[in-house]
Amino acid sequence: MLIRIRSRDGIERLQIDNPNTTIAQLKTLIESQLRVPINNQTLSTNQQLLLAKTPAEIAQFTDMSNPQTPIATLNITHGALIFLAYEGERTIAGPKIVPAGSFGRKMTMDDLIAKQMRIVRQESANCEVSFDRDAANGFQHYVNETLAFAVKRGGFMYGTVEDGKVEVDFIYEPPQQGTEESLLLLRDPDEEKVVEAIALGLGMRKLGFIFTQTVGQGKRDYTLSNREVLQAVELQAESEVKEWVTVVVKLEVNEDGGADVHFEAFQMSDLCVKLFKDGWFEGEIAEGDDPKCSKMNKDVVVGGKDTREVDNDFFLVVVKIFDHQGPLSSTFPVENRNTAITMRTLKNHLDRTKNLSFVKRISDFHLLLFIGRFLDVNSDVPALAGCVRAQATIPEGYQILIESMAASG
């Protein structure tokens, strides 16, 4: 089976032949396949491991510390995600170099496929996208006014799609760690279940990824960096949604010398997604790699020449952007930012909107996510979101519960 290992370097894949593998055997495979010494590995199913800064903090993650424990008892099955922390640097084995064109050399089937893999641009996207104005403004205002485009920020876009037109009505921002060059999504499965339950009740689904480029990146000569392409194509491939959209938010200098916030929308080309699914992308990005190019682990043909470096622009398909006024408001504080959201926050919101009907007062995704953590994710959350979708009267039981939660603040 195949499991995914997420470390500070990103996600890597690990091949396991025996589903009854123990943690000790798993660490041996990580050492042989990923080049991280066994005595330097800390493993956990808890994504918070990647936020641990000191050895003492790392040592607190003990759920995978017993070497004799079979991984199956930890619900680690095909496709599972495990988190890995290690100190120092590691050496990745490079590709074996075989001279091309040698007389009498036998070509394998992989060689023949690689010779036929031509990278060409995709002329048109599979969709167009429209943003709810309040959702778009809430995202860009935070990264502009609070983060000052100094570190990267990202979120998942939810909405509807019909006849190739994607309408984004809310943005969910998962736990994350952003730097000037990279964005690590520390995805919380329990929280995402609540998000999906809300989307289900609202008649919406996850349709794209939005992220910012920093001011420092604006001085670079690329549309998307190799790290951004790799992250975007991984999420698009994971989604299995033909109309999946990737949106970049950045600062651009205007004619007066000032800076304007600019949105650009893309799809990763169908060929790009196929190459990623088939394992052609080199997952390791070294310090000196050209950010304008994505590295392949086999030769491909670009412009009639064999190469293992492809200009990122070959993989991008421009998507037209529009805007609209969606059914939700965006006035409740957004999850997983620097400000804690409490019952007092809920009370302040309800007090501020008391002139509206109760269903209008709670017609905000971020509010629904906050109260959804205290409700049954399988029944109550989609039912409450369904009332918001229909703009129907909120059942008295839910209203009393929400008001009592606010009163406790």
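Arg153, Glu173 and Arg337 are joined in a network of salt bridges, a salt bridge being a side-chain nitrogen of Lys or Arg within 4 Å of a carboxyl oxygen of Asp or Glu. The structure is a predicted model, in which local features need pLDDT of at least 70 and side-chain atom pairs count only at pLDDT 80 or more, while totals for chains, interfaces and linings use all residues. Residues are numbered from 1 along each chain as its sequence is written, and side-chain values use heavy atoms, with hydrogens and water left out.

Across the whole structure, 16 salt bridges are found. Side chains of opposite charge can pair when their charged atoms come close. One of the pairs is formed by Glu240 and Lys277, whose closest N and O atoms lie 3.2 Å apart. This pair links distant parts of the chain, 37 residues apart: Glu240 belongs to the loop between α6 and β11 (245-253), and Lys277 to helix α7. Helices (H or I, at least four residues) and strands (E, at least two) are DSSP runs, numbered from the N terminus. Glu240 is exposed, at a relative accessible area of 61%, whereas Lys277 is partly exposed, at 45%; buried means under 20% relative accessible area, exposed over 50%, and partly exposed in between (1.4 Å probe, protein chains only).

Helix α7 (residues 270-277) also packs against helix α6 (residues 226-239), with an angle of about 85° and axes 9 Å apart. The axes are lines fitted to C-alpha atoms, for helices over the stretch in contact, and angles run from 0 to 180 degrees between N-to-C directions. The two helices α6 and α7 are therefore roughly perpendicular to each other, the term for angles of 65 to 115 degrees; those under 35 count as roughly parallel, those over 145 as roughly antiparallel and the rest as oblique. On α6 the contact (heavy atoms within 4.5 Å) involves Leu230, Val233, Glu234, Gln236 and Ala237, and on α7 Cys272, Val273, Phe276 and Lys277. Six of the residues in this contact are nonpolar, one is polar and two are charged. In this classification Ala, Val, Leu, Ile, Met, Phe, Trp, Tyr, Cys and Pro count as nonpolar, Asp, Glu, Lys and Arg as charged, and the others, Gly among them, as polar.

Two further salt bridges can be described. Lys292 and Asp290 meet through their side chains at 3.6 Å, N to O. Lys292 is partly exposed, with a relative accessible area of 30%, and Asp290 is likewise partly exposed at 30%. Arg308 pairs with Asp299 in a salt bridge whose closest N and O atoms are 3.1 Å apart. Arg308 is partly exposed at 31% relative accessible area, and Asp299 is partly exposed at 29%.
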